[in-house]
Amino acid sequence: LGPDVATTSTAVVPVADVLTTITGPTTISQGQATGNYTATFTNNGPSTAATVTRTVTLPTGASLTAAQQNTITTAYPGTTFSTTGSGATAVTTINFGTQTSVASGASSSFVFAFTAPSTSGATSIASNTSTTTSQNGATANDAFTLNLTVSPVADVTTTLNGPTQLSTGQPSGTYTVTYANVGTAAAGTVTRTVTLPAGATNIVAPGATITSTTIDFGNVTSLAAGASSSFTFSFTAPTTAGSVAVTSNTSTVTSEGTNPAPNSSTINATVNAVADVAATITPITGTVAAGAAGAGFNVSFANNGALTPAAGVTRTVQLPAGLGTVTATNGGTYNNTTGLVTYTPSPTTIANGTPLTSVITFTAPASGPVTATATVATTSNEAGQTANNTQAATLNITPAFDLTTTIYGPATVLQGNQVT
């Protein structure tokens with residue numbers, strides 16, 4: 001008799017155990033780019049896992065910028081993104097692709113960042129995996145949730161409005177600067193300054209401290225979310241033409257996250273050179289006697305502006321009509337009927353620092369005073385500086401005396417008699 005032997009066939013079913021974890025910052029700033037997160041997908045089972053999915057679901061309201069998506073797809077080609085909903089209810093999923101098979105003990109990790117929701121409070125980020133291979137019920141670790149806190153942040157910013165065209169040595173006009181906190185948290189110790197171009201003078205900024213070309217509107221101990229303050233200022237433009245900048249700046253000791261709103265604002269302006277023609281006239285001597293020769297005035301026509309030369313310049317001196325023996329040096333001609341002295345060439349030019357002068361002389365009239373008015377004009381831009389285009393001067397006349405003596409009395413008298 002042979003041995004009693006029984007044989008049973010048992011099928012061995014492959015068993016996998018895929019799992020996922022996610023690590024990264026647990027506190028993120030509202031509306032700001034986060035730090036890096038790492039999602040890991042592993043097969044801890046004894047058998048190879050087939051058709052393994054790997055996804056991450058971002059917090060509700062979170063998003064991926066184009067740059068953030070590009071960073072992910074560059075590092076992990078084939079990654080796709082999908083979003084349901086929009087704005088505060090949007091849910092975005094990152095799909096790192098499906099692996100055909102994952103050997104026992106093998107894992108893959110993915111690093112990424114995103115933009116936090118615009119609403120503060122508690123939220124979470126989750127990673128998920130699955131496989132078509134049996135896990136014998138061990139699926140609890142197929143999903144992992146990391147709880148997060150979205151913190152409100154401050155975001156101070158500044159804007160600047162005002163003229164972009166200035167004239168050398170002239171008032172700038174009014175600028176307005178605004179400082180605001182567009183974040184969701186109060187901002188502490190908020191600075192508020194404006195830097196003017198080198199050479200700016202006569203700075204007017206109500207309520208501010210002025211040091212050289214810096215305007216300081218003072219610090220705000222705490223600037224509430226949504227709060228703002230505005231100020232006005234003006235100055236006299238530099239005397240040198242060219243490109244200049246007016247810049248406002250702000251800062252805070254409170255965290256601003258990635259600080260999307262700019263902390264500075266700049267107006268790029270052009271300082272345009274302008275002419276400033278001026279006429280001056282003074283009497284050669286303050287007082288002369290009637291009929292004296294050589295009475296008259298010294299006249300000067302100048303350009304005090306940065307624009308040189310001043311073009312299209314005309315020059316005149318108004319004298320009384322009918323003066324005698326009038327001469328005007330350097331091209332002057334006197335009209336005896338109108339009393340106007342005009343100059344040739346006309347129009348002409350006047351360079352800065354090189355005035356055109358003239359000496360006008362005449363015979364002093366019998367009575368006075370004699371008033372003379374010098375006037376200069378230009379076709380060049382003077383930016384309104386015309387108050388010095390005209391000046392008057394007065395020459396006093398001392399009347400001449402004609403003293404005569406007359407004696408009255410008898411034509412004949414007797415010898416020895418008294419005469420009266």
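Strand E4 (residues 49–57) pairs with strand E9 (residues 121–130) in the antiparallel sense over five bridges. Here, two strands pair if DSSP finds at least two bridges between them. Helices (H or I, at least four residues) and strands (E, at least two) are DSSP runs, numbered from the N terminus. Within this pairing, Val56 stands opposite Ser127 in E9.

The model is predicted: local features need pLDDT of at least 70 and side-chain atom pairs count only at pLDDT 80 or more, while totals for chains, interfaces and linings use all residues. Residues are numbered from 1 along each chain as its sequence is written, and side-chain values use heavy atoms, with hydrogens and water left out.

Strand E4 also pairs with two further elements, strand E7 (residues 99–102) and strand E6 (residues 91–95). Both pairings are antiparallel, the one with E7 having three bridges and the one with E6 having three bridges. The table sets out the strands that pair with E4, with a pair of facing residues for each.

| Strand paired with E4 | Bridges | Facing residues |
|---|---|---|
| E9 (residues 121–130) | five bridges | Val56 and Ser127 |
| E7 (residues 99–102) | three bridges | Ala49 and Val102 |
| E6 (residues 91–95) | three bridges | Thr55 and Asn95 |

Strands of a sheet pair through backbone hydrogen bonds, either parallel or antiparallel.

An open sheet of four strands has the order E11-E13-E19-E15, and its pairing is antiparallel. Strand E11 (156–161) and strand E15 (201–204) each have a single partner strand and stand at the edges, so one side of each has no neighbour in the sheet. From one strand to the next, the twist averages 20 degrees; axes are lines fitted to C-alpha atoms, for helices over the stretch in contact, and angles run from 0 to 180 degrees between N-to-C directions. E11 is joined to strand E13 (residues 175–181) by six bridges, and Leu160 stands opposite Val177 in E13.

Strand E30 (residues 356–363) pairs with strand E24 (residues 295–303) in the antiparallel sense over seven bridges; Val299 has Ser358 of E30 as its bridge partner. Three bridges also join E30 to strand E26 (residues 324–328), again antiparallel, with Thr327 and Thr361 as bridge partners.

Gln32 lies in the loop between strand E2 (27–29) and strand E3 (37–43). Its relative accessibility is 5%, so Gln32 counts as buried (under 20% relative accessible area, with exposed over 50% and partly exposed in between; 1.4 Å probe, protein chains only). Not counting residues up to four places away in sequence, Gln32 touches several residues, including Phe114, Val153, Glu256 and Pro260, where contact means heavy atoms within 4.5 Å.
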